[in-house]
Amino acid sequence: MNNLTVSPAPHIKSGLTTQRIMWIVILALLPAGLAGVYIFGICSLKVIFISIISCILSEAIFLKFRQRDTRIILDGSAILTGLILAYNLPPEVPFWIPVVGGAVSIIIGKQLFGGLGHNIFNPALVGRAFLQISWPVYMTTWKNPRWALDAVSSATPLAKEKAVNFSYIDLFLGNHGGCIGEVCILMLLIGALILIFTNIISFHIPASFIGTVVVLTWIFGGDGFFKGDFVFHLLAGGLVLGAFFMATDYVTCPLTNKGKLIFGIGCGILTSLIRLKGSYPEGVSYAILFMNAMVPLIDRYTKTRIYGISKT
Amino acid sequence: MEYNQLLMIAISVIFINNFILSKFLGLCPFIGVSKSTRPALYMGLAVTFVMTASSIITWGIYSFLLKPFHIEYLRTLSFILVIASFVQLIEMFIQKFSPALYKIFGIYLALITTNCAVFGVAVLNSEMFLKVQDSFVKSFIFCLTQGFCAGVGFTIVLLFMSGIRERLEFCDIPRPMKDMPIAFIVASLMSMAFMGFSGFRF
Amino acid sequence: MKKLFKEFLKGIFRENPTFALALGLCQTLAVSTSIVNGFGMGVAATFVILGSNIIVSAIRNFIPSKIRIPCFIVIIATFVTIVELVMKAYFPLLSKALGIFVPLIVVNCIVMARAEAFASKHTVVKSIFDGLGMGAGFTLALVLISGIREAFGNGTLLGLVIVRNFEPALLFILAPGALLVIGILIGIVNLLSQRR
């Protein structure tokens with residue numbers, strides 16, 4: 001009876017399993033992480049490590065609790081969540097921050113909904129938002145790059161209180177304070193190119209997301225209209241990390257291309273609003289979480305016509 | 001007229017201090033009616049209508065009855081009686097003149113009578129605007145705006161929630177968490193997302 | 001006498017207004033930021049439930065069925081107004097902390113539900129015990145949730161620090177924390193009642 005497998009469509013298997021996708025994404029994210037370690041030092045590596053371990057352990061414990069197969073932790077998604085969460089943390093956070101963050105991401109953000117594929121919100125962002133709201137001081141205590149003269153807390157480019165001027169090259173290479181994985185735009189873009197070339201993500205979300213932010217910050221970002229420094233907003237903060245790696249998460253983004261464009265535009269509008277008008281310096285995480293909540297509605301109203309069925 | 005202030009009230013009540021996700025007013029219908037999109041939309045519209053109307057009526061009562069005669073302590077009693085009667089009247093009105101509309105909206109109206117949200121917005125209006133304002137026109141516009149926008153905020157969140165819960169029907173949620181607990185968790189995550197709006201200034 | 005005691009216990013466990021019936025959630029989540037607030041609200045609500053249960057039960061045979069809801073509302077609103085004024089006079093700090101949620105007791109589903117479902121159909125004595133039970137159950141739930149939120153979010157219980165060097169997670173005192181705590185608590189309650 002082993003020759004008869006009853007399973008839902010599609011019945012033609014491609015080489016791209018969930019596991020493979022996860023590992024390619026992890027691979028694409030590695031350059032940015034290496035840059036983070038290079039720029040900020042070994043503390044970054046510690047945070048990344050702890051975050052990943054916490055995610056894997058949380059998932060294993062919860063699966064055991066639900067009496068499910070714990071080998072699921074090998075599908076790479078927990079590791080990916082841990083990696084992305086770490087990339088969103090300042091390099092010198094106390095060790096328990098990624099521990100708590102990882103547990104919250106996996107358990108509340110993913111497993112309570114039923115595991116991979118069932119969550120509504122991006123798990124890593126759930127963890128990050130939880131950490132940011134709970135311990136705002138730790139989550140905004142930055143570190144300068146290793147070679148900077150003053151190794152104490154510094155400002156990030158987006159910080160509104162201290163207006164430090166960073167050159168575009170500095171922003172592009174990551175020569176400034178910030179979260180581990182968001183600062184080195186160069187490495188992030190290399191990773192993004194890998195994802196686009198392997199067709200894992202489409203350009204719809206990143207293009208609409210980044211495009212909207214560029215347009216809005218250009219129009220409203222400066223004194224008077226159309227004087228905003230949109231290159232700055234493009235390179236500063238978590239926009240590139242968010243647009244290419246977090247907003248594009250398969251499970252939490254819309255199914256259709258039209259939906260993806262709406263999603264990206266929505267994220268862009270919210271990010272720009274929070275950056276320009278809100279009290280938080282960075283809005284990418286909240287913007288994506290907000291749009292995640294809208295995804296079921298977006299999917300509902302951008303459904304593609306099923307062939308052969310009338311419009312009602 | 002300071003339009004800025006009105007905009008701030010609107011943004012505040014819809015996003016920053018959203019009635020459901022921040023003030024917890026209106027949780028009962030939120031959990032109860034948010035299982036699918038269409039009822040959610042109708043409930044939201046009904047609530048918005050009742051909230052707006054109640055804001056106007058309670059503005060009238062407070063400004064012309066309670067304050068001049070210094071019987072503000074009768075606020076709770078008068079507000080709730082008026083709101084309940086008003087909703088009852090609307091129900092009867094709709095039932096008589098549009099049975100079709102009643103079939104759709106009827107049950108929701110009954111649920112709204114003792115809804116924290118409607119009574120809450122009236123009390124909130126009186127605390128924020130009516131106790132301090134002296135100009136009738138100003139307080140009227142503020143109350144009206146806040147009442148309407150509170151309803152809008154309520155409807156938006158209800159819609160989001162219904163979309164999510166429809167999708168959750170297909171998810172492998174652990175049995176103890178099914179239905180209500182996971183709804184609260186989702187609300188918690190939505191509340192976290194809405195916190196991104198804090199501190200908005202225009 | 002045993003039967004009466006059963007009515008009392010029912011409100012605490014099997015028909016706990018917060019965990020089993022999901023009533024009065026607005027207040028529960030809003031005021032449970034510290035045990036003192038939670039307890040204060042619980043006591044205030046208990047007073048209202050008790051008062052309204054007694055009166056409704058006493059005059060249950062005289063109220064025409066068609067106007068019973070408005071009658072209940074008047075009775076409940078009166079008690080709430082009494083509580084409002086007493087609190088403002090003798091417990092001003094608590095009154096300020098609880099804010100608009102004191103007058104909101106009038107739309108607290110628990111009070112109306114008990115009046116409608118129980119007090120209007122049973123004797124005064126039974127209604128007293130039912131009211132006390134529901135109020136106690138509500139207060140217990142409030143104290144439990146407030147305790148968790150205060151402990152995790154402030155590092156204190158009743159204002160006293162429990163563990164030194166503990167970094168409180170601010171989230172728990174804020175809105176998302178309330179929703180999270182009650183979601184998890186109801187989940188745990190479900191889990192325990194499943195296992196039984």
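This is a predicted model: local features need pLDDT of at least 70, side-chain atom pairs count only at pLDDT 80 or more; totals for chains, interfaces and linings use all residues.
Which residues of α2(A) are buried? They are A:S44, A:V47, A:I48, A:I50, A:S51, A:I52, A:S54, A:C55, A:S58, A:E59 and A:F62.

**Helix α2 of chain A**
- Helix α2 of chain A covers residues 42-65, which makes 24 residues.
- At 1.5 Å a residue, a helix of this length should span 34 Å, and the end C-alpha atoms of α2(A) are 35 Å apart, so the two values agree.
- Among the elements that cover the buried residues of α2(A) are α1 (18-40), α3 (77-87) and α4 (96-108) of chain A.
- Just after α2(A) comes A:Q67, which takes a positive phi of about 55°.

**Chain C as a whole**
- Chain C contains 8 helices and 2 strands.
- Read from the N terminus, the order of elements in chain C is α-α-α-α-α-α-α-β-β-α.
- The radius of gyration of chain C is 18 Å, close to the 16 Å given by the globule rule for 196 residues, so chain C is as compact as a globular protein of that length.
- The C-alpha trace of chain C spans about 60 × 45 × 30 Å along its principal axes.
- Of the 196 residues in chain C, 49% are buried.
- Looking at contacts in chain C between residues at least 6 apart in sequence, 74% join residues at least 24 apart.

**Where chain C touches chain B**
- This contact takes 32 residues from chain C and 34 residues from chain B.
- On the side of chain C that touches chain B, at least two residues each come from α2 (25-31), α4 (68-90), α6 (109-119) and α8 (175-195) of chain C.
- With 11 residues, α8(C) gives the most to that side of chain C.
- By type, the residues of the side of chain C that touches chain B are 25 nonpolar, 6 polar and 1 charged.

**Where chain A touches chain C**
- Here 5 residues from chain A and 6 residues from chain C take part in the contact.
- Helix α5 (residues 123-134) of chain A supplies 3 residues, the largest share of the side of chain A that touches chain C.
- That side of chain A divides into 4 nonpolar residues, 1 polar and no charged.

**The largest nonpolar core**
- The largest nonpolar core has 212 residues, and those with the most contacts inside it are B:F119, B:V186, B:M190, C:V48, C:I76, C:L104 and C:I105.
- Helix α7 (residues 136-168) of chain B gives the most to this core, with 13 residues.
- Leaving aside residues up to four places away in sequence, B:M190 touches A:A293, B:L21, B:V157 and B:F160.

**Two loop residues of chain B with positive phi**
- B:F24 sits in the loop between α1 (3-16) and α2 (27-32) of chain B.
- Although B:F24 is not a glycine, its phi is positive, at about 65°.
- B:F24 counts as buried because it has 26 C-beta neighbours inside 10 Å, and the cut-off for a buried residue is 20 or more.
- B:D179 is found in the loop between α7 and α8 (180-194) of chain B.
- B:D179, also a residue other than glycine, has a positive phi near 75°.
- Is B:D179 buried or partly exposed? With 15 C-beta neighbours inside 10 Å, B:D179 counts as partly exposed.

Definitions and conventions
Residues are numbered from 1 along each chain as its sequence is written. Chains are lettered from A and ligands numbered from 1 in the order in which they are written. Two residues are in contact if their C-beta atoms, placed from the backbone, lie within 7 Å. Helices (H or I, at least four residues) and strands (E, at least two) are DSSP runs, numbered from the N terminus. Ala, Val, Leu, Ile, Met, Phe, Trp, Tyr, Cys and Pro count as nonpolar, Asp, Glu, Lys and Arg as charged, and the others, Gly among them, as polar. The radius of gyration is taken over C-alpha atoms; the globule rule is 2.2 Å times the number of residues to the power 0.38. A residue is buried if 20 or more other C-beta atoms lie within 10 Å of its own, exposed if 12 or fewer, and partly exposed in between; C-beta atoms are placed from the backbone. The expected span of a helix is 1.5 Å times one less than its number of residues. A nonpolar core is a set of buried Ala, Val, Leu, Ile, Met, Phe, Trp, Tyr and Cys residues joined through C-beta atoms within 7 Å.
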